[in-house]
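Hello,

Here is the structure we talked about handing over. Please look it through before you read my notes below.

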Amino acid sequence: METYLQHVEEGYSRDDVYKVDETRENWKALQQKKSLASKRESTAPGFKVNKERVTAMVCANASGTHTLPLLVIGKSEKPPCFKNVSCLPTLYKAQKSAWMNSAFFL
């Protein structure tokens, strides 16, 4: 894995080297280690594992002087929780799987 320092040694300024990362949150899933289901069960009886999730992408340069707005990817085009929200402090995109793809990355 390349580090910021390797790019700086190659002549790039810390202002020109960016790091992008994504994280995924299954926000309605039961905790894996501390749930009411027994260890032999993957889910509680009669229920499917809830796979509602969001993905977030963060990006900043190595010097910390420039950050891009947080990108949040969800499944719903118009989530009910945004009903009366006129301005979000993040970018929000929708996709069926709520995963990052090349179009969102660009």
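Which residue in β4 is the bridge partner of I73? It is K93. Strand β3 (residues 71-74) and β4 pair in the parallel sense, over 4 bridges. Two strands pair if DSSP finds at least two bridges between them.

First, the ground rules. This is a predicted model, where local features need pLDDT of at least 70, side-chain atom pairs count only at pLDDT 80 or more, and totals for chains, interfaces and linings use all residues. Residues are numbered from 1 along each chain as its sequence is written, and side-chain values use heavy atoms, with hydrogens and water left out.

Now the layout. The chain has 2 helices and 4 strands. Both kinds are DSSP runs numbered from the N terminus: helices are H or I with at least four residues, strands are E with at least two. From the N terminus on, the order is α-β-β-β-β-α.

The sheet is open, with 4 strands in the order β1-β2-β3-β4 and mixed pairing. β1 (18-26) and β4 (91-94) are at the edges with a single partner strand each, so one side of each has no neighbour in the sheet.

Then there is R53. R53 sits in strand β2 (residues 53-61). R53 is buried, meaning under 20% relative accessible area with a 1.4 Å probe, protein chains only. The backbone oxygen of S97 lies 3.1 Å from a polar atom of the R53 side chain. Buried residues make up 15% of the 106 residues in the chain.

Best wishes

Methods:
Buried < 20%, exposed > 50% of the residue type's maximum accessible area, 1.4 Å probe, protein only. Lys, Arg positive; Asp, Glu negative; His and termini not counted. Salt bridge = Lys/Arg side-chain N within 4 Å of Asp/Glu carboxyl O. Polar contact = N/O pair within 3.5 Å; in protein donor to acceptor, adjacent residues only side chain to side chain.
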